[in-house]
Amino acid sequence: MTATAYIGLMSGTSMDGIDAVLVSFPEDRIHIHTTFSLPYSDTLRQRVSRASLNHATPDELGELDHELGDLFAEAATGVLDKSDFDAGEVAAIGSHGQTIRHQPWGAMPFSMQIGDPNRIAERTGITTVADFRRRDMAAGGQGAPLVPAFHQAYFASRQESRCIVNFGGIANITWLPKDKPDQAVGFDTGPGNALIDAWCLDQTGRPYDEDGHWARTGTVNEALLEDMLSDAYFRRKPPKSTGKERFNQAWIETVVARHPELPAHDIQCTLVELTVRSLVMQLPATENLKLFICGGGARNRFLMERLREALPLVDVETTAVLGLDPQWVESVAFGWLAKRTLEQRPGNLPAVTGARGARILGAIHHG
Ligand SMILES: Nc1ncnc2c1ncn2[C@@H]1O[C@H](COP(=O)(O)OP(=O)(O)O)[C@@H](O)[C@H]1O
Ligand SMILES: [Mg+2]
């Protein structure tokens, strides 16, 4: 029997844990067989977070790379064990890795994902594709976002123009105009959950604000919001991508220091509004806009409510109406990117990342 299934492994800038899917791509469709999530412990999240803020020694980084490699392997095994597939039926694992740092600008741009794929291949026996971003960067691109190629392949429509919005730690959009369904536009709009999570953790000790309950008790402070929206990133033209090295707790503290004595829950509410407004101001100026939300932010009810309020004339759904549960879009995308690599087909969209051309992405670690 030929191996036709793929495992996609994703852990994003939220550093909340690993999302794993076992998925097949029959003809033009997506068939998810099983899903599995492996949350990070609080201490692991803290260590990853410290490393991402430049506070890890080479030893600590090497050990994290090893440990995360084992954890990604565990997630792959976990999703496989839930299914009636065996390892021989899986063509490849696509592992995004854990981003430690993403610095797409400057004299020496780089993007660093860890979670040793050699260990994943060794422990599962399954061919593992990883390190997807750096070939695009070597070709002059941002190395991000990479999911627009997947969005274009499966979500583009000739009947309606669609905008796919992923609220991970960072938010990214993919615009799929119906008259040019193969010419996606995509970029990171800025913070998704990153700042909402950071302030919640700092003020309450909880890693995220469930359903946006706490934010809901506050009110938006317009002066603070305007100040936050003056960050140059929001006005920068694509291609562009960003990360937690920019939008983090220190960023919040710098802005908040200019607005003393605001109640903490008003700041939380304003951070939700920042995610909404920074997205809205960067949406394509077009009629009949239709938004499909994915990522963990789709589960923040207050965030979704604010977004719908900010866009009264726009249809705001989740990707569930397109047949893909919002939680698994990114991990499915990395399974699909692994498939592209094995087929020696490109995984990047040069118009999105700014690369000189289409490139076959990733490194293959044979099973
Ligand atoms: N019930 C919920 N209420 C509010 N926020 C949630 C909820 N579930 C998930 N989230 C948010 O989603 C984030 C995880 O989203 P995810 O798509 O995994 O992001 P990433 O790709 O950055 O890891 C959490 O950190 C949290 O901010
Ligand atoms: Mg996550």
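This is a predicted model: local features need pLDDT of at least 70, side-chain atom pairs count only at pLDDT 80 or more; totals for chains, interfaces and linings use all residues.
## The five-stranded sheet

Five strands make up an open sheet of mixed pairing, arranged in the order β9-β8-β7-β10-β11. Its edges are formed by β9 (185-191) and β11 (315-318), each of which pairs on one side only.

Helix α5 touches β7, β8 and β9, and its direction makes about 40° with that of β8. Helix α11 (residues 301-310) also packs on the sheet, where it touches β7, β10 (290-294) and β11, and its direction makes about 155° with that of β11.

## The β2-β3 hairpin

Strand β2 (residues 17-24) and strand β3 (residues 31-39) run antiparallel and are joined by eight bridges. The two strands form a hairpin with six residues between them, and in the turn E27 has a positive phi of about 45°. Across the pair, L22 stands opposite T34 in β3.

Eight of the nine residues of α5 are buried, so the helix is largely enclosed by the rest of the structure. The buried residues are V147, P148, A149, F150, H151, Q152, Y154 and F155, and what covers them includes β7, β8, β9, α12 and α13 (350-353).

The packing of α5 against α12 has an angle of about 95° and an axis separation of 9 Å; the two helices are therefore roughly perpendicular to each other. On the α5 side the contact is made by V147, A149, F150, H151, A153, Y154 and F155, and on the α12 side by V329, E330, V332, A333, F334 and W336.

## Aromatic pairs and charges over rings

Twelve aromatic pairs are found in a search of the whole structure. In one of them, the ring centres of F132 and F334 are 5.4 Å apart and the ring planes meet at 70°, so this pair is edge-to-face. Because F132 belongs to the loop between β6 (128-130) and α4 (133-138) whereas F334 belongs to helix α12 (residues 329-342), the pair ties together parts that are 202 residues apart in sequence. F132 and F334 are both buried.

A further edge-to-face pair is formed by Y154 and W336, with 6.4 Å centre to centre and 80° between the planes. Y154 lies in helix α5 (residues 147-155) and W336 in helix α12, so this pair ties together parts that are 182 residues apart in sequence.

R236 is placed over the face of W105, at 3.7 Å from the ring centre, while K240 is placed over the face of Y233, at 4.4 Å from the ring centre.

R133 is part of helix α4. Its relative accessibility is 12%, and because buried means under 20%, R133 counts as buried. When its neighbours within four places in sequence are left aside, R133 is in contact with H96, S111, Q113, G143, A144, P145, L146 and F334. The C-alpha atoms of R133 and F110 are separated by 9.2 Å, although these residues are 23 residues apart along the chain.

T275 is part of helix α10 (residues 264-280) and is buried, with a relative accessible area of 1%. With neighbours within four places in sequence again left aside, T275 is in contact with F167, P191, G192, I196 and L303. T275 and L303 are 28 residues apart in sequence, and the distance between them is 8.2 Å in space, C-alpha to C-alpha.

Notes: Residues are numbered from 1 along each chain as its sequence is written. Chains are lettered from A and ligands numbered from 1 in the order in which they are written. Side-chain values use heavy atoms; hydrogens and water are left out. Rings of Phe, Tyr and Trp (its six-membered ring) pair if their centres lie within 6.5 Å; planes under 30 degrees apart count as stacked, over 60 as edge-to-face and the rest as tilted. Helices (H or I, at least four residues) and strands (E, at least two) are DSSP runs, numbered from the N terminus. Buried means under 20% relative accessible area, exposed over 50%, partly exposed in between (1.4 Å probe, protein chains only). A charge sits over a ring if NZ of Lys or CZ of Arg is within 6 Å of the ring centre and within 35 degrees of the ring normal. Two strands pair if DSSP finds at least two bridges between them. Axes are lines fitted to C-alpha atoms, for helices over the stretch in contact, and angles run from 0 to 180 degrees between N-to-C directions. Angles under 35 degrees count as roughly parallel, over 145 as roughly antiparallel, 65 to 115 as roughly perpendicular and the rest as oblique. Contact means heavy atoms within 4.5 Å.
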